[in-house]
Amino acid sequence: MERSAQQLGRALIVIVDDRLAHGEEDDSVGPLVTELLEEAGFIVDGVVPVEGETVAIRNALNTAVIGGADLVITVGGTGVSPRDVTPDATQGVLDRPIPGIAEALRSSGLAAGAVDAGISRGLVGISGSTLVVNLAGSRSAVRDGMATLSTLVPYVIGELSDIYAS
């Protein structure tokens, strides 16, 4: 099945933030990611806030993969503090990593001055037929990361669509 340029597929956003997951603060990043994904041609199924716990993150990712999302973007929890476990949770879900995209996100983020993107341990890879991308949590890292992904994601999703449509 060929996808139109205006509809790349379904996406889900997972925001890793304890305060947001507990309803203690408003989501300022989810709407930004939603807007950028919709501009890129995705249908956004939702924004899921989760605690920065490995099990909670892994459950959200597995639910998205089982639910048939084409793309899952996680935001937050990619740094070097002991509470930053998004990459660790993601690693347990991925079938195949795509380290080149993760490196591109770090490089472009650092070049753009998003220090959290530059030191991110974020992963990118495939789980089933779903592309999973970890982004650092700042708005600047999200903006830069989405710009970097704009040419890469359609290509990967097109490749996956060809494989799974056969």
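The model is predicted, with local features requiring pLDDT of at least 70 and side-chain atom pairs counted only at pLDDT 80 or more, whereas totals for chains, interfaces and linings use all residues. Residues are numbered from 1 along each chain as its sequence is written, and side-chain values use heavy atoms, with hydrogens and water left out.

Six strands form an open sheet of mixed pairing, in the order β2-β1-β3-β6-β5-β4, two strands being taken as paired if DSSP finds at least two bridges between them. Strands β2 and β4 (96–97) stand at the edges with a single partner strand each, so one side of each is left without a neighbour in the sheet. Helix α2 packs on this sheet, touching β1, β2 and β3, and its direction makes about 160° with that of β2; contact here means heavy atoms within 4.5 Å, while axes are lines fitted to C-alpha atoms, for helices over the stretch in contact, with angles running from 0 to 180 degrees between N-to-C directions.

Strand β1 runs parallel to β2, to which it is joined by eight bridges, and L12 stands opposite G46 of β2. The pairing of β1 with β3 is likewise parallel, over five bridges, and I15 has V75 of β3 as its bridge partner. Seven of the eight residues of β1 are buried, with buried meaning under 20% relative accessible area, exposed over 50%, and partly exposed in between (1.4 Å probe, protein chains only). In helix α2 (residues 30–40), the buried residues are G30, L32, V33, T34, L36 and L37, and just after this helix G41 takes a positive phi of about 105°.

The largest nonpolar core has 30 residues, of which L37, L71, I73, V133 and L149 touch the most other members; a nonpolar core is a set of buried Ala, Val, Leu, Ile, Met, Phe, Trp, Tyr and Cys residues joined through side-chain atoms within 4.5 Å. At least two residues of this core are supplied by each of β1, α2, β2, β3, α5 (99–111), β5 (124–127), β6 (130–135) and α7 (139–165), and α7 gives the most, with seven residues. When neighbours within four places in sequence are left aside, I73 is in contact with L12, I13, V14, V33, L37, V133, L135, M146 and L149. In soluble globular proteins, nonpolar side chains tend to be buried together.

The structure holds six salt bridges, each defined as a side-chain nitrogen of Lys or Arg within 4 Å of a carboxyl oxygen of Asp or Glu. One of them joins the side chains of D45 and R10 at 2.7 Å, N to O; D45 lies in strand β2 (residues 42–50) and R10 in strand β1 (residues 9–16), so the pair ties together parts that are 35 residues apart in sequence. Both partners are partly exposed, D45 with a relative accessible area of 41% and R10 with one of 31%.

A further salt bridge links E53 to R83, with the closest N and O atoms 2.8 Å apart. This pair connects distant parts of the chain, E53 lying in the loop between β2 and α3 (54–66) and R83 in the loop between β3 (71–75) and α4 (86–91), 30 residues apart. The relative accessible area of E53 is 36%, which places E53 among partly exposed residues, and R83, at 40% relative accessibility, is also partly exposed. Together with D18, E53 and R83 are linked in a network of salt bridges. The side chains of R19 and E25 also meet in a salt bridge, at 3.2 Å from N to O, with R19 partly exposed at 47% relative accessibility and E25 partly exposed at 33%.

Note on methods. Helices (H or I, at least four residues) and strands (E, at least two) are DSSP runs, numbered from the N terminus.
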